[in-house]
Amino acid sequence: MDIDIIEEAQAAGASSQSVRKPIIALVDDAHPFDLEGYISNYTGRTAVERLIHIVVTCPTIAAEAYQLCVQHIHQSRDPGLYQNLLSAYEQAQAYNQSQVGEGATVLPDPMEIAQLDTRWMDETLAKNTADRGKLEVELKTYTNNMIKESIRMAHRDLGDFYRQVGDYATSLKHYTKSREFCTTSQHVLEMCLSVLELLIEQRNYSHLSTYVFKADAALDAATAAANAASSSEGAPASTTGAAGKKKAASSAERDAVQSKLDLATALSYMGQGNYEKAGQYFLKIGPAKELGDWIGKLIAPGDITIYTTLCALATFQRSSIKGRLLENATFSLYIEQEPYIRELVQAYLNSNFKVVLELLSRYSTRHYVDIHLAPHVQNLTNLIRNWAVVLYFQPFATIRLDRMSTAFGWTVEEVEEQVVGLIQSGEIQGRVDSQNKILQAKQTDYRADLVARSIKLANDIQATNRKLLLRMRLQQADLVIKPPKGAGHHGQLQGTLAEFMAGGD
């Protein structure tokens, strides 16, 4: 358990967000974004965190986001979030001041937009102090009385409390400490889910897989225990219907937990840049109702739609996208949350790559304001763009660059730069005629390739036969080193194999 606590402390330390250069996203007619409609999908702390991110990312709507954020902070239990908001707004002000000469407007003073209610802050801090004291007294009392279940619940309640007030390190400590007092697999599963929620809020993606693995094992154990309990009760005719309903409820509960674990796994893979695995796990997630209170508290259905689609277009084979996205009954429900996603996928499948790139650019602001997706938008867009160029060129032996520029909406110079990069990375087998602006596929002489492979195979067979003959001659001359006594048949085989591989011509 000490090792686990050390591990969690390291996880908490690693989770602190490093200072990155902010990506500035535009909000205008070419890049529409409905702030109020977007933030209405979230509640609690995640709404505040997303609004703070928007203040930094979209300085043009920083004042509106600031005002909404103050309203959400008043509904939380962590007045310290206001300081984070002020820092973000000052950063947006500094950016706008540097762009004043280019037409940017000066942001108003934050005190003129909205102020934190000092009375609310004093009452909240007093309430937090009182609740913390009460919970710590309860934990001490239960510990003295050695009531195991009560101690577990006290640690759980303290973990929830510290999470609400923003003390993630202490919250994680209490959650992990409660595992010592778990008496059933269901208790372990609840603890793992609480930690997963905390890690997702922290955006600590590297440690998600650890608790997904623990939760998966606890889920299997809890399901097995529930099945054993139901079977031990017997199944007389009068109770068959009730037993069936109970089993169905248990199955539904398992599916709900599994969807949460799949979501955590997908976020872990996406956070670490493994987009193909992330896309596969996003597609495993069940309907939104199975995610329960995670919808709104951590994520919105529209987010899952965008994550899945971008990861799929960037890494999946085009032949599989239609069946796995558009014809997927569960994912079709998610697509309805973001109507442009269907248009994006259809354009990709129809090789209308100009529309694909235009849609990615038009809704780039929606992608950049997402706290989980923002660091990966550029990488995913580049992967989709590169894959589109490769797919477009596949049927051709030669093609003019001006034709490609029309298909993608780029200048000839941009097309040439893109194609040269793909040739250098090995994604396109070809060469560019810079004078005539023509891309030519590399011609493969299949007959010469077959002859070369046949000669190589013949040489390998000849070398092997020579080694076998040498081995036979050594045995005839009794020059083979015998294995030591006690090595056994396996050791003898290994010695013979090693001698054979070391044989020469």
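Guide: In this predicted model, the second largest cavity holds about 60 Å³ of space. Its lining consists of Arg 152, Arg 156, Tyr 175, Ser 178, Cys 182, His 187, Glu 190, Met 191 and Ser 194. By class, these residues divide into 3 nonpolar, 3 polar and 3 charged. Two helices, H8 (148–164) and H10, each supply at least two residues of this lining. Of the elements involved, H10 gives the most, with 4 residues.

Around the space stand Arg 45, Thr 46, Glu 49, Tyr 168, Ile 200, Glu 201, Arg 203, Leu 298, Ile 371 and His 372. Sorted by class, the lining has 4 nonpolar, 2 polar and 4 charged residues. In total, the structure holds 4 cavities of 30 Å³ or more.

Helix H4 comprises 12 residues, 62–73, and its span from first C-alpha to last is 16 Å, close to the 16 Å expected at 1.5 Å a residue. Its buried residues are Ala 62, Ala 65, Tyr 66, Leu 68, Cys 69, Val 70, His 72 and Ile 73.

Within helix H5 one finds Gln 93. The relative accessible area of Gln 93 is 17%, and the residue is therefore classed as buried, the cut-off being under 20%. Apart from neighbours within four places in sequence, Gln 93 is in contact with Leu 107, Pro 108, Asp 109 and Pro 110. Another relation spans a stretch of the chain: the C-alpha atoms of Gln 93 and Pro 59 are separated by 7.5 Å, although the two residues lie 34 residues apart along the chain.

The aromatic side chains complete this account. Across the whole structure, a search finds 12 aromatic pairs. One of them joins Phe 33 and Tyr 38 in a tilted arrangement, with 5.3 Å from centre to centre and 55 degrees between the planes. Both Phe 33 and Tyr 38 are buried. Tyr 348 and Phe 353 form another pair, which is edge-to-face, at 6.0 Å centre to centre and with 70 degrees between the planes. Tyr 348 has a relative accessible area of 0% and is therefore buried. Phe 353 likewise counts as buried, because its relative accessibility is 2%.

Key: Residues are numbered from 1 along each chain as its sequence is written. This is a predicted model: local features need pLDDT of at least 70, side-chain atom pairs count only at pLDDT 80 or more; totals for chains, interfaces and linings use all residues. Side-chain values use heavy atoms; hydrogens and water are left out. On a 1 Å grid over the protein atoms alone, a cavity is a set of points where a 1.4 Å probe fits but cannot get out, and a pocket is an open set with protein on both sides within 12 Å along at least five of seven lines; lining residues have an atom within 4 Å of a point. Grid points are joined across faces, edges and corners, and a volume is the space filled by probe spheres set on the points. Ala, Val, Leu, Ile, Met, Phe, Trp, Tyr, Cys and Pro count as nonpolar, Asp, Glu, Lys and Arg as charged, and the others, Gly among them, as polar. The expected span of a helix is 1.5 Å times one less than its number of residues. Buried means under 20% relative accessible area, exposed over 50%, partly exposed in between (1.4 Å probe, protein chains only). Rings of Phe, Tyr and Trp (its six-membered ring) pair if their centres lie within 6.5 Å; planes under 30 degrees apart count as stacked, over 60 as edge-to-face and the rest as tilted. Contact means heavy atoms within 4.5 Å.
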